[in-house]
Amino acid sequence: MIEVDNVTKSFGDFVVLRGVTCQLRRGETMCVLGGSGGGKSTLLKIMIGAIRPTSGRVIIDGDDISRMPEAQLNKVRRKFGVMFQGGALLNSMTVGENIALPLHYHTKLDADTIGTMVKIKLQQVDLLHAEHRLPAELSGGMQKRAAVARALALDPKILFYDEPSAGLDPITTTRVDFLINKLRDRMRMSNVVVTHVMESVQRIADHIVMLDKGNVILDGTLADLMASEDPRISTFRTGEYAEGAEGITSTADYMKDLLM
Ligand SMILES: Nc1ncnc2c1ncn2[C@@H]1O[C@H](COP(=O)(O)OP(=O)(O)OP(=O)(O)O)[C@@H](O)[C@H]1O
Ligand SMILES: [Mg+2]
């Protein structure tokens, strides 16, 4: 479905991705893991064509999008739905209006048809009752589900989620995970999920790509993650932090920040 081929990305002199290669297969959930600042969101933005790689290629359904003109890219973008880090619902609009937005923007459907489609999407995430409420009036978990409904609006083949569980309690996290699995199993959706919640990874991942300092340090299954003796991977798995240990980059950076 998606082939990321030796992608690098620099912002000025700052190298974020150093030759990332990975594949998303049809109907699977790929989890992208790694420490904070490791380049996960950047990789996701490159996969959806929101930013261009410095070098390398991204092939979606056979089309190389990395050098594609913007107008053509817009058509490819209709194949996927995106739930950005933070959800990003528009607060001045109701939940229903938020979901209608991409339909108004990308299709010529009439208002009645769009109204019906909004209800179907809300039903899929169990939020029909919240159609006329404002995002601020919803709980964090409901906002996430509303954001998933909006990502589903155009019936995408691929869904991208950036930290769908950030700020959620464990039970709500489980609900979001079940929703991700339901969409994969019932609608054959292919998913790319950026997360750092190990429990989520165990529930949803068919395939795991782990980044550290812009390099892929694991490309495999959950079993590979669990069996790895690479200290950068095992510390991530257990959440352990030992002073001076060779852990994944950000853990150490984070401790530095705390101690400052
Ligand atoms: N537009 C940009 N301009 C300059 N630097 C950027 C830009 N976007 C990201 N970066 C830098 O690239 C690095 C990776 O950022 P990215 O958002 O991909 O990390 P991440 O792995 O998603 O982290 P987190 O887990 O905290 O969300 C960071 O150091 C960030 O400051
Ligand atoms: Mg991020």
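Mentor: Begin with burial: a residue counts as buried when its relative accessible area is under 20%. This is a predicted model. In helix α1, the residues Lys-40, Ser-41, Thr-42, Leu-43, Leu-44, Ile-46 and Met-47 are buried.

Trainee: How many of the eight residues of α1 are buried, and what follows for the helix?

Mentor: Seven of the eight are buried, so α1 (residues 40-47) is largely enclosed by the rest of the structure. Just after α1, Gly-49 adopts a positive phi of about 75°.

Trainee: Which residues have the most contacts inside the largest nonpolar core?

Mentor: That core has 45 residues, and those with the most contacts inside it are Leu-33, Val-148, Tyr-161, Leu-183, Ile-208, Met-210 and Leu-225. Helix α5 (residues 140-152) supplies its largest share, seven residues. Domain 1 (2-79 + 159-167 + 186-259) and domain 2 (88-155) each contribute at least three residues to this core. Apart from it lies another core, of 29 residues, including Val-7, Cys-22, Leu-43 and Met-68.

Trainee: How is the packing of two helices read, for instance that of α3 and α4?

Mentor: One considers the approach of the axes and their angle. The axes of α3 (residues 95-106) and α4 (residues 111-124) come within 9 Å and cross at roughly 120°; the two helices are therefore oblique to each other. The crossing in which α3 passes α4 is right-handed. Val-95, Gly-96, Ile-99, Ala-100, Leu-103 and His-104 of α3 make the contact with Ile-114, Met-117, Val-118, Lys-121 and Leu-122 of α4.

Trainee: What general idea explains such spacing along a helix?

Mentor: An α-helix has 3.6 residues a turn, so residues three or four places apart point the same way.

Notes
Residues numbered from 1 in each chain as written. Chains lettered and ligands numbered in written order. Predicted model: local features only at pLDDT ≥ 70, side-chain atom pairs only at ≥ 80, totals over all residues. Heavy atoms only, no water. Core = buried A, V, L, I, M, F, W, Y, C linked by side-chain atoms within 4.5 Å. Buried < 20%, exposed > 50% of the residue type's maximum accessible area, 1.4 Å probe, protein only. Helix = DSSP H or I, 4+ residues; strand = E, 2+ residues; numbered from the N terminus. Domains from an automatic or database assignment. Axes fitted to C-alpha atoms, helices over the stretch in contact; angles between N-to-C directions. Parallel < 35°, antiparallel > 145°, perpendicular 65-115°, else oblique. Left-handed = near helix turned anticlockwise from the far one by under 90°. Contact = heavy atoms within 4.5 Å.
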